[in-house]
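This briefing covers a predicted model.

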Number of protein chains: 2
Amino acid sequence: MISVKEAKNIVLNSVQEFGVEEIPFLKSVGRILKEEITADRDFPPFNRVSMDGIAIDYTAFKNGQRAFKVEGIQAAGSQQISLYNSANCIEVMTGAILPKNTNTVIRYEDVSIKNGIATISINAITEAQNIHAKGKDGKVGDVLIKQNTKISAAEIGVLATVGKSFVKVAKQPKVMIVSTGDELVGVDEIPLEHQIRRSNVFTLVSLLERLHISSETAHITDDKPILKSKIERFLQEYDVLLFSGAVSKGKFDFLPEVFDKLGVKKLFHKVAQRPGKPFWFGENESCKVFAFPGNPISTFVNCLEYFYPWYYKSVGIKVEEETAILNADVSFKPNLTYFLQVKLSSRFGHLIATPISGNGSGDLASLVKADAFIQLPNDKADFKKGEVFKIIPYRSF
Amino acid sequence: MISVKEAKNIVLNSVQEFGVEEIPFLKSVGRILKEEITADRDFPPFNRVSMDGIAIDYTAFKNGQRAFKVEGIQAAGSQQISLYNSANCIEVMTGAILPKNTNTVIRYEDVSIKNGIATISINAITEAQNIHAKGKDGKVGDVLIKQNTKISAAEIGVLATVGKSFVKVAKQPKVMIVSTGDELVGVDEIPLEHQIRRSNVFTLVSLLERLHISSETAHITDDKPILKSKIERFLQEYDVLLFSGAVSKGKFDFLPEVFDKLGVKKLFHKVAQRPGKPFWFGENESCKVFAFPGNPISTFVNCLEYFYPWYYKSVGIKVEEETAILNADVSFKPNLTYFLQVKLSSRFGHLIATPISGNGSGDLASLVKADAFIQLPNDKADFKKGEVFKIIPYRSF
């Protein structure tokens with residue numbers, strides 16, 4: 001049995017590339033940018049008026065002039081006009097190009113306009129004020145968004161501004177999620193006493209949706225020849241297979257044997273952790289196989305702890321580790337990494353992790369009460385309130 | 001001019017209900033649950049074997065017996081069988097119903113089976129071990145998910161388990177996002193010198209998508225009669241209108257006047273904040289109007305600071321405030337609430353907010369460098385490294 005750290009290293013050393021595709025920019029939120037986005041013009045592209053008011057030649061103001069005849073209006077979206085007489089002014093609107101022969105904008109709040117004469121009511125005017133100078137935020141050719149950025153609303157605005165109506169992003173892996181276990185029936189069915197409804201595959205679908213990966217699901221009965229023929233086809237058609245169940249010591253836990261027969265190389269089986277210990281991971285030339293134990297919490301935490309980082313690294317992004325402060329003493333004796341469910345809260349800039357009580361890896365409903373796992377290392381048994389550990393949050397807006 | 005706090009109170013006092021709809025459970029991630037989810041059976045629904053191994057009658061073990069003849073196998077998904085002779089055992093699989101007349105499970109790791117006889121190799125066996133008892137996690141009728149919960153992958157698993165293939169969620173508001181400003185051209189166009197491409201509406205579309213709200217967009221030219229007739233129609237067709245631009249002091253900032261003529265009641269205009277000061281907010285009987293200033297950072301921060309909480313309250317959820325520790329001294333003299341762009345990082349359970357340098361509210365590209373705003377109150381001018389303030393994060397996985 002290997003440690004969580006070793007298991008994670010093996011997973012991260014078998015990342016995969018899925019290629020690049022070009023998609024409409026407005027569909028790209030959550031996807032990973034696979035090109036550099038550069039400025040097609042200076043940012044701003046012209047000396048841009050940043051306050052509604054009047055534009056003047058500062059020399060006139062400096063020489064003591066306070067009243068300026070209004071020569072015209074420079075609206076946003078209109079072609080640049082010129083100030084013909086440097087003793088006059090032009091009314092200017094936010095977003096407009098600064099008129100020629102002017103270099104300073106005084107906002108309406110500091111001006112009174114009567115009979116076509118604008119009189120400046122304050123003395124604290126500085127040259128070039130209220131002008132967002134051409135190129136101040138960036139020069140044509142500057143990199144505005146780096147490759148391998150996860151696209152959010154912030155990036156969408158920049159993509160629109162530089163005219164990238166289509167954008168290159170990492171292709172998503174083609175994923176099949178498979179449940180096994182003859183005790184499982186469909187969500188729409190009424191289970192018999194010894195049966196339960198399928199749920200882990202849907203949890204996995206939703207966890208992958210958070211990564212903007214769409215996936216397919218299948219259920220295979222606990223029958224070796226059927227498992228073999230179906231999985232053989234899936235191995236050819238998908239980049240990743242996720243399984244839930246059939247990897248432990250049970251008589252009908254056929255998956256490791258079936259993988260072996262199909263030439264999927266085992267990279268490890270069993271990790272020193274709770275929950276999620278019987279996790280099996282392997283690969284062939286074209287496909288990765290994450291076979292999670294069938295208990296709901298095991299499947300859930302292993303998807304977050306192994307599949308997520310594997311995906312992030314595969315598409316080229318780094319995700320910062322998050323830590324939180326344990327809010328209660330915890331004792332855990334087994335020599336295993338303990339993934340404990342916690343409720344997070346933010347207090348005075350501190351992230352507090354309060355353990356919730358669950359009834360072990362089968363207690364699906366306990367996931368609803370928490371919003372993260374805190375990862376308690378295997379090298380000690382007593383964890384004190386106030387100590388800091390890595391967390392894996394699973395809710396977010 | 002009112003304060004940010006007053007403005008927010010007014011916004012939060014004019015929340016709206018959009019009704020309830022029933023959708024397929026697997027499409028419900030990110031939506032707000034509008035019914036209680038209760039257990040349709042006990043959780044687990046039967047005494048569930050939680051380890052692969054053998055099931056025995058504990059009395060035999062207590063009386064010193066260590067070798068048990070294997071009577072049969074209880075697979076997961078098979079009907080419950082019975083142990084006929086209490087001196088024997090039954091092999092049991094994780095997820096199976098516990099066989100009748102047995103009450104304790106010993107995992108395979110602690111048993112050796114030879115010629116149909118299972119010999120237990122350890123003495124530390126406790127009655128009822130490795131059984132997830134019927135009803136331990138919940139009883140039939142227990143509330144598993146409360147109304148007004150934001151549905152995540154954790155809830156999806158529970159919905160599947162209790163057979164909720166369709167689920168009642170809050171309807172989303174019907175939203176129209178409108179840009180104004182004659183300087184704007186389409187993303188696919190090549191702007192003339194004095195023009196720029198539309199970007200704020202797409203940023204807003206993406207910010208709303210984070211809330212799983214789909215929206216429509218329109219552009220209206222800076223012409224009063226056209227604005228009036230188009231907005232009149234939008235007021236009838238949508239629950240919410242978001243505008244970007246035309247609410248400041250410019251000659252072509254027609255929106256406040258047009259809203260007034262159309263009978264939209266102004267609730268406030270201008271908030272003591274930077275950026276985003278000229279924000280206009282109003283309503284009629286059926287529609288809310290958030291008219292944000294046209295600078296990209298102003299539109300962005302006002303959507304997060306006002307529209308988001310308004311939406312959360314409208315659909316019935318509470319969102320906890322997050323705080324972070326300022327990582328540099330900041331000086332800001334104007335008597336305004338200052339929304340400063342920061343980069344967040346997690347260190348030893350502390351959330352650290354490092355200010356990034358931007359060039360004011362027009363500096364769209366600066367949004368890419370940050371991932372939150374920190375909200376610095378207007379009652380002081382000097383903010384010290386180490387002080388804690390509210391943050392508004394805008395990136396998340």
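Between chain B and chain A there are six salt bridges, a salt bridge being a side-chain nitrogen of Lys or Arg within 4 Å of a carboxyl oxygen of Asp or Glu. A:Arg197 forms a salt bridge with B:Asp40, and the closest N and O atoms are 2.9 Å apart. This is a predicted model, in which local features need pLDDT of at least 70 and side-chain atom pairs count only at pLDDT 80 or more, while totals for chains, interfaces and linings use all residues. Residues are numbered from 1 along each chain as its sequence is written, chains are lettered from A in the order in which they are written, and side-chain values use heavy atoms, with hydrogens and water left out.

**Contact between the chains**

- Chain B gives 100 residues to the contact and chain A gives 100 residues, where contact means heavy atoms within 4.5 Å.
- About 8,000 Å² is buried between chain B and chain A, and carbon and sulfur atoms give 58% of that area. Buried area is the accessible area (1.4 Å probe) that two parts lose on being put together, summed over both.

**Aromatic pairs**

- Rings of Phe, Tyr and Trp (its six-membered ring) pair if their centres lie within 6.5 Å; planes under 30 degrees apart count as stacked, over 60 as edge-to-face and the rest as tilted. The count over all chains is 50 aromatic pairs.
- A:Phe290 and A:Trp310 make an edge-to-face pair, at 5.5 Å centre to centre with 70 degrees between the planes. A:Phe290 belongs to strand S21 (residues 288-292) and A:Trp310 to helix H7 (residues 296-315) of chain A, so the pair ties together parts 20 residues apart in sequence.
- Helices (H or I, at least four residues) and strands (E, at least two) are DSSP runs, numbered from the N terminus.
- A:Phe290 and A:Trp310 are buried, meaning under 20% relative accessible area (1.4 Å probe, protein chains only).
- A cluster linked by ring pairs includes A:Phe290 and A:Trp310, with A:Phe18 and A:Tyr306 also among its members.

**Charges over rings**

- The charged end of A:Arg66 sits over the ring of A:Phe61, 3.7 Å from its centre. The criterion is NZ of Lys or CZ of Arg within 6 Å of the ring centre and within 35 degrees of the ring normal.
- A:Lys174 has its charged end over the ring of A:Tyr238, 5.0 Å from the centre.

**Helix H1 of chain A**

- In helix H1 (residues 4-12) of chain A, the buried residues are A:Val4, A:Ala7, A:Lys8 and A:Val11. Seen down the axis of H1(A), they fall within an arc of 95 degrees, so they line one face of the helix; the arc is that of the directions from the helix axis to the C-beta atoms.

Methods
Buried < 20%, exposed > 50% of the residue type's maximum accessible area, 1.4 Å probe, protein only.
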